[in-house]
Amino acid sequence: MFVKNIDGTGLKLLADSAQTPSWQPRTKSNADFDGDGKSDIGFYRNGNWSIIRSSNGAVVNAGWGGPSWSPISGDFDGDGRADIAVYNRIGVWSIVRSSDGGNSVLGWGGGPTDIPVPEDYDGDGRSDVTIYRDGAWSIIRSSDGRTTNVDWGGPSWIPVPADYDGDGKADIAVYNSGAWSIIRSSDADVIHGGWGGPSWTPVVADYDGDGKADIAVYSTVGTWSMIRSSNGANVAVAWGGPGWLPVPADYDGDGKTDIAVFNLNGEWSILRSSDGGNTRVVWGAAADSVPLSGKQ
């Protein structure tokens, strides 16, 4: 059940109010590198990018990053295509702009608990360079280069930013062991709720195609449980299981996120929302491969 904060003032979530999640937080990634409106299948491995373009099936390989870097692709230049981008633990961001091939390098973050969470928080169509640190959010707005700082969450909470209210801006949100707390960017109201638990991973995305992110979780046994933002209904689907990672994205271009999983044998299994069919692909068979779509 989800409820709005009664006084609308918001609050700082305390670190000791819930247990630390047993799984590691993962950074959301935009994986439409060719700009055709479909997520591309691709993986990152120790600085090597290998992507199958959905537009023509061609394979693109690129070297950017390395063993100490994590992929953080997003549309940082606003051209409708995901940019190849990496972040390392000393706080360096390195972005290859798809619009002109140039490289943007900047320092933001670098703390031992920092999590990069690039999203479009200001609604200008570009991903903003953003760090989450133990409940502190620090956002460089791409619209004007200024910084927004917000306290929301804590050391035991992980960031789950997304556009929950459909206003074209990512909302600041956190999750911990089934507890959710969201600040809507449209009106600054706070939404609290419970969905999931310690063995569930948040897989927030727009599964019903209404332009709003749906509250959703994936369990270690392969169950997906989603609350449709369009009508509040709960949808449960069995897809995946032990050894599979959730990689939800819009692979078929119908405007709805597809349920999908990836394992370290390089197998992708995608349940297409457009027709209910299953797309199976083998790409990225290695223990250190990181899928570029869904959650990394």
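This is a guided tour of a predicted model, one selection at a time.

The model is predicted, so local features are described only at pLDDT of at least 70 and side-chain atom pairs only at pLDDT 80 or more, while totals for chains, interfaces and linings use all residues. Residues are numbered from 1 along each chain as its sequence is written, and side-chain values use heavy atoms, with hydrogens and water left out.

**Whole chain**

Helices (H or I, at least four residues) and strands (E, at least two) are DSSP runs, numbered from the N terminus. Of the 296 residues, 49% are buried; buried means under 20% relative accessible area, exposed over 50%, and partly exposed in between, with a 1.4 Å probe and protein chains only. Switch to a surface view: the chain exposes about 12,400 Å², an area from the Shrake-Rupley method with a 1.4 Å probe, in which only the protein chains shown count as cover for residues. Among contacts in the chain with a separation of 6 or more, 38% are between residues 24 or more positions apart; contact means heavy atoms within 4.5 Å.

**An open sheet of four strands**

Select strands E9 to E12. They form an open sheet in the order E9-E10-E11-E12, with antiparallel pairing. Two strands pair if DSSP finds at least two bridges between them. The edges are E9 (115-116) and E12 (147-151), each of which pairs on one side only. E9 and E10 (residues 129-133) are joined in the antiparallel sense over two bridges.

Is Thr130 buried or exposed? Thr130 counts as buried because its relative accessibility is 0%. A polar atom of its side chain lies 3.1 Å from the backbone oxygen of Asp128. That is a polar contact (a pair of N or O atoms within 3.5 Å; within protein, one must be able to donate a hydrogen and the other to accept it, and residues adjacent in sequence count only if both atoms are side-chain atoms). Beyond its neighbours within four places in sequence, Thr130 is in contact with residues including Trp93, Trp108, Tyr121 and Trp137.

**Aromatic pairs**

Two of those residues, Tyr121 and Trp137, open the next stop. The whole structure holds 10 aromatic pairs. Rings of Phe, Tyr and Trp (its six-membered ring) pair if their centres lie within 6.5 Å; planes under 30 degrees apart count as stacked, over 60 as edge-to-face and the rest as tilted. The rings of Tyr121 and Trp137 have centres 6.4 Å apart and planes at 75°, so this pair is edge-to-face. It links distant parts of the chain, 16 residues apart: Tyr121 is in the loop between E9 and E10, and Trp137 is in strand E11 (residues 136-140). Both Tyr121 and Trp137 are buried.

Elsewhere, select Phe33, Tyr44 and Trp49, which ring pairs link into a cluster.

**Two nonpolar cores**

A nonpolar core is a set of buried Ala, Val, Leu, Ile, Met, Phe, Trp, Tyr and Cys residues joined through side-chain atoms within 4.5 Å. The largest has 14 residues, and Val160, Tyr164, Tyr175, Trp180, Ile182, Val204 and Ile215 have the most contacts inside it. Strands E14 (172-176), E15 (179-183) and E18 (215-219) each give two or more residues to this core. Select Val160: not counting residues up to four places away in sequence, Val160 touches Ala173, Val174, Tyr175, Trp180, Pro202 and Val204. A second, separate core of 13 residues includes Tyr121, Trp137, Trp157 and Ile172.

**Two hairpins**

Move to strands E22 (residues 259-263) and E23, which pair in the antiparallel sense over four bridges. Phe262 has Trp268 in E23 as its bridge partner. Three residues lie between these two strands in their hairpin, and Gly266 in the turn has a positive phi of about 85°.

Continue to E23 (residues 267-271) and E24 (residues 278-282), an antiparallel pair with five bridges. Ser269 stands opposite Arg280, and Leu271 opposite Asn278. This hairpin has six residues between its strands, and Gly276 takes a positive phi near 80°.
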